[in-house]
Amino acid sequence: MHKIFAFRDNLVHFEEIYAIITRWEVKMADVDYRKLWKKLIDKGIKNKTDLITMADISSNVLAKLGKGEFISMESIQKICKALDCDVGDICVINKVKGAEK
C-alpha cells in the first residue's frame, strides 16, 4: 500500500518524496564572508554597496560575496587593500563534506 500526500495541489507518493529529499542537498556557501561584513561594520561602513567604490569592484563581485561564492584573487586583493587587512580577515573557506584532512 502506497501512502499518498497532497503537495502543491499534486498527489505525490511517499516514495517519490523520499527520493527527492535524499537527493536534495542543502548547499552551504563555498566561502564564508561574514568576517568581511563584520569588518565593514567595525570600520563604520553601513552599506555593503559602498565597498564597490572603496575597493573598485563590480556589483557582480558584490553579489557573489553576498551569495558566498568564489571571487577572483584580484577582487580579494582590492578589498584587502581598501580595508587594510589580510585575506584571512575577510573570508573563510568552508571544508568540503567528506574531504580528507
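Biologist: What share of the contacts in the protein with a separation of 6 or more comes from residues 24 or more positions apart?

Modeller: Such residues account for 54% of them, where contact means heavy atoms within 4.5 Å. This is a predicted model, in which local features need pLDDT of at least 70, side-chain atom pairs count only at pLDDT 80 or more, and totals for chains, interfaces and linings use all residues. Residues are numbered from 1 along each chain as its sequence is written, and side-chain values use heavy atoms, leaving out hydrogens and water.

Biologist: Happy to have that! Why is Ile76 called buried?

Modeller: Buried means under 20% relative accessible area, exposed over 50%, and partly exposed in between (1.4 Å probe, protein chains only). Ile76 has 7%, so Ile76 counts as buried.

Biologist: Where is Ile76 found, and which residues does Ile76 touch, not counting those up to four places away in sequence?

Modeller: Ile76 is in helix α5, residues 73–83; helices are DSSP runs of H or I with at least four residues, and strands are E runs of at least two, numbered from the N terminus. Beyond those sequence neighbours, Ile76 touches Ile71, Val87 and Ile90. The C-alpha atoms of Ile76 and Val87 lie 7.0 Å apart.

Biologist: What makes a set of residues a nonpolar core?

Modeller: The members are buried Ala, Val, Leu, Ile, Met, Phe, Trp, Tyr and Cys residues joined through side-chain atoms within 4.5 Å. The largest one here has 20 residues, and those touching the most other members include Leu83 and Ile90. Helix α5 gives the most to this core, with four residues.
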